[in-house]
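Keep the sequence beside you as you read.

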Amino acid sequence: MNKKVLYWTLQFIGWSAYGLLNIFLAYFGENLSNQQIIIQLILVPFYIFLTHIYRSFIIRNGWLKIIIQKLVVRVIIACFILSVINYVFLFGLSSLLGFLDPAFDLNPRVIFLNILAYVILFFLWSLVYFMYHYVENYNRSLKYDAAMNEIELNNLKSQLNPHFIFNALNSVRALVDEDPVKAKNSITQLSNILRNSLILDKKRLINFNDELNTVIDFLALEKIRYEERLTTEFVIHPDSYKYQVPPLMIQTLVENGIKHGISNLTYGGKLSIETQVDDKKCLNIFIRNSGNFKLDKRRKHKGFGLENTKQRLKLIFDKAASFSIKNEQEGTVLTIVKIPQINY
């Protein structure tokens with residue numbers, strides 16, 4: 001619904017309901033008269049007009065951008081002024097319709113209570129109006145942040161895919177002259193990986209099973225290249241398949257372990273992937289590879305794959321996910337990724 005239409009609809013419904021409430025209270029109090037009904041029929045459009053003028057004043061003076069501490073004082077003063085205007089109008093209307101009781105209506109205590117009651121009424125109207133705008137601005141801010149996060153995620157994925165394709169093509173290139181038959185097999189495996197990556201590229205998260213299949217295909221391709229220098233092991237918890245992970249995240253970490261660890265060893269090494277589900281229903285992914293993790297503190301960046309993974313986890317899961325990499329023991333690097341379960 002259009003915001004302007006929504007505003008006028010709520011104005012009409014709200015003040016009409018208030019007028020009907022006063023009529024019902026008078027009816028149940030057995031003091032309902034035609035004059036009171038006429039007064040309520042006049043007051044409903046008057047209140048709509050009065051609060052609309054108040055709204056225009058709010059917008060014109062930029063009250064929607066003022067901090068709450070300063071806003072409250074201004075709203076209370078405004079509600080008091082509106083209440084005084086309302087009392088003067090009621091006094092004049094009652095006098096015009098012959099409904100005025102000077103002994104009662106001019107009593108200071110009655111005037112005070114009447115003005116106080118309408119200060120509260122106009123303050124409630126103000127509260128609803130400002131709450132609507134604060135909630136709307138908050139939602140707009142959330143949508144903006146979500147859009148910016150999505151843009152950054154897409155940028156990270158657009159960086160990741162060419163990087164992955166480049167390294168995979170290098171693996172195939174190394175086999176073309178050495179072993180044409182294996183090169184053909186590796187091209188078939190590469191096409192499967194690329195097909196999956198293109199299908200999953202548009203998704204923010206994918207099923208763990210889809211990511212695992214990509215990793216298996218990638219390792220099969222790498223084993224053709226490294227032969228007996230690369231051994232692999234998988235220990236997958238059955239509940240792992242209930243989770244979703246960022247596309248190509250595990251594959252990137254596996255590739256990182258082979259490139260910076262196993263490929264630098266004369267006799268190669270082992271890469272293992274293990275998953276566990278902890279008591280907090282988080283998926284823990286353990287990637288172990290032969291090698292030694294060295295962090296050069298003089299470098300501003302810790303590596304493309306690691307930084308990419310950290311940023312994507314932060315953008316998608318905020319603080320609910322975690323990432324760490326360390327030397328577990330002599331000759332073994334351990335990478336741990338913790339991912340929460342997301343229910344849609």
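The paragraphs below take the helices, the pocket, the contacts across the chain, the loops and the cysteines in turn.

This is a predicted model, in which local features need pLDDT of at least 70, side-chain atom pairs count only at pLDDT 80 or more, and totals for chains, interfaces and linings use all residues. Residues are numbered from 1 along each chain as its sequence is written, and side-chain values use heavy atoms, with hydrogens and water left out.

Start with helix H1 (3-28). Helices here are DSSP runs of H or I with at least four residues, strands are runs of E with at least two, and both are numbered from the N terminus. The expected span of a helix is 1.5 Å times one less than its number of residues. Buried means under 20% relative accessible area, exposed means over 50%, and partly exposed is in between (1.4 Å probe, protein chains only).

Helix H2 (34-60) comes next in the numbering. H2 has 27 residues and should span 39 Å; its end C-alpha atoms are 39 Å apart. The buried residues of H2 include Ile39, Gln40, Leu43, Val44 and Phe46. Tyr47, Ile48, Leu50, Thr51, Tyr54 and Ile58 are also among them. Just after H2, Gly62 takes a positive phi of about 65°.

In the model, residues 37-59 are 100% helix and 0% strand, with end C-alpha atoms 33 Å apart. Residues 110-132 are also 100% helix and 0% strand, and their end C-alpha atoms are 33 Å apart.

Now look for empty space. Rolling a probe the size of a water molecule over the atoms shows where empty space is left. The largest pocket holds about 700 Å³. On a 1 Å grid over the protein atoms alone, a pocket is an open set of points with protein on both sides within 12 Å along at least five of seven lines, whereas a cavity is a set where a 1.4 Å probe fits but cannot get out; lining residues have an atom within 4 Å of a point. Grid points are joined across faces, edges and corners, and the volume is the space filled by probe spheres set on the points. The largest pocket is lined by 25 residues, and the closest to its centre are Gln36, Leu90, Phe99, Asp105 and Asn114.

Which helices build that lining? H1, H2, H3 (68-96), H4 (102-105) and H5 (108-176) each supply at least two residues. The lining divides into 17 nonpolar, 6 polar and 2 charged residues. Here Ala, Val, Leu, Ile, Met, Phe, Trp, Tyr, Cys and Pro count as nonpolar, Asp, Glu, Lys and Arg as charged, and the others, Gly among them, as polar.

Leu121 lies in helix H5. Leu121 counts as buried, at 18% relative accessibility. Leu121 and Cys79 are 42 residues apart in sequence, yet 8.4 Å apart C-alpha to C-alpha. Lys270, in strand S4, is partly exposed at 39%. Most residues other than glycine have a negative phi. Glu227 sits in the loop between helix H7 (208-226) and strand S2 (230-235), and its phi is near 55°. Glu227 is partly exposed, at 33%. Lys281 lies in the loop between strand S4 (269-277) and strand S5 (282-290), with a positive phi of about 60°. Lys281 is exposed, at 54%.

End with the cysteines. The structure holds 0 disulfides, a disulfide being a pair of cysteine sulfur atoms within 2.5 Å. Cys79 is buried at 0%, and Cys282 is buried at 9%.
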